Amino acid sequence: MLSSKKINNSQKGILDFTMPRLHKGKKWFVDFYAYDPTKGGLRRKKYMLDHFETVKARNEMASMLVAELFHKLRAGWNPFVKTEETRGFTDWSVVTQRYIDYVHAALAKGTIKKKTAIDYESRMRQILLYISESGVSIKFINQFDTGFCADFLDYLIYDKDVSATTRNNYRTWLSAFSTWLIERKYIQENPVASIHQMKQKEKFRDALTASALKRLRDYLKDLNPPFYLACMMEYYTFIRPDELRYIKVGDISIENQTVFVCSDVSKNRKGQTVALNDTLLKMMIKQHVFDHLSSDYLFSHDLIPGPEQIFINRFRLEWVKVRKALHFPDSYQFYSLKDSGIRDLANAEGIVFARDQARHSDIAVTNRYLKADSTVHEKTKHFKGEL
């Protein structure tokens, strides 16, 4: 039976170990178990003694080895953690709280302004929200690496639809936070250094062409009907991806042909209703959406209605598979379906209809989704003016 020893509560989880023991038989060895943070549990460590030729020599070496190993383990040594990396295995929650405490102390001493302190706390809360909404698993501070930072910035751009400027401001703060971590020996290198700033007018999302929309429809309608419905929701209702995962079956009115977006999840914090297109409603009926409980999320596990909410990046991850299969450019994002829908509704019924369906406060906002092209319209040729 294994017996473990916990040495230091502040390092709990890193320094757990079992007593070193000598094993005799065909093979002589001393072994023990120590906590391996990369595995998340105890891992065996062995020291072979077969190279000592006599039994006496093996016993003497085993006695010294057991005593030395026990002394080192009690002192905090871990064979699976390099000494200079030990602080990297401090709990993520502990470090983030220390950072908030540091911000509060800096504010109290007058080394930073109140506005700056509020900004730093807000950005840290956004990271914690990202972890919650995306289901990211981060236990130790050394998991705060380039991959984590890049994914977080992508989440802001693609799932939260922030501007390039806002995304760049977060990148700047991430770099400053990384410097704070380096100074305190939690990490050794700045993980943000290799992530470039996004140009303020950098093109990262385009509306799908009519032919691309048809290819998407033909590919999804039979192969993946639940995700086809999600794409239709984005295209016809303009409900943002981070709002879409909150929509419940009960938010949909068949009689009024509408979808309600409650104030708790709406980007502008207003409860608003949008129209439900005929084609979209028929697809919902075909997929038996209304056979489910009104309390069920419209998109749950496997993107069908259910009681559990999906993570915010679920639509984006599914979209990446489709984009690769159809060889779409990277500028075609899941959110591009909203751009496409606004464009097509504005062209068909007018920009006011598109503005109201998109829940924009002003037509100027809607106009940003309508990129001018070089198309020559036949109606323009035959327009009869008053001059």
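A cavity here is a set of points, on a 1 Å grid over the protein atoms alone, where a 1.4 Å probe fits but cannot get out, and its lining residues have an atom within 4 Å of a point. This is a predicted model, where local features need pLDDT of at least 70, side-chain atom pairs count only at pLDDT 80 or more, and totals for chains, interfaces and linings use all residues. Residues are numbered from 1 along each chain as its sequence is written, and side-chain values use heavy atoms, with hydrogens and water left out.

View A. Searching the whole structure turns up 1 cavity of 30 Å³ or more. The largest cavity holds about 40 Å³ of space (grid points are joined across faces, edges and corners, and the volume is the space filled by probe spheres set on the points).

**View B. Asp16 in its loop.** Look for Asp16 between strand E1 (4-5) and strand E2 (17-18). Asp16 counts as buried because its relative accessibility is 14% (buried is under 20% relative accessible area, exposed over 50%, partly exposed in between, with a 1.4 Å probe and protein chains only). Tyr33 is 17 residues away from Asp16 in sequence, and their C-alpha atoms are 8.3 Å apart.

**View C. Cys231 and Cys262.** Cys231 is buried, at 4% relative accessible area, whereas Cys262 is partly exposed, at 28%. The structure has 0 disulfides (pairs of cysteine sulfur atoms within 2.5 Å).

Notes: 1 Å grid on protein atoms, 1.4 Å probe; cavity = no way out; pocket = protein on both sides within 12 Å on 5 of 7 lines; lining within 4 Å. Helix = DSSP H or I, 4+ residues; strand = E, 2+ residues; numbered from the N terminus.
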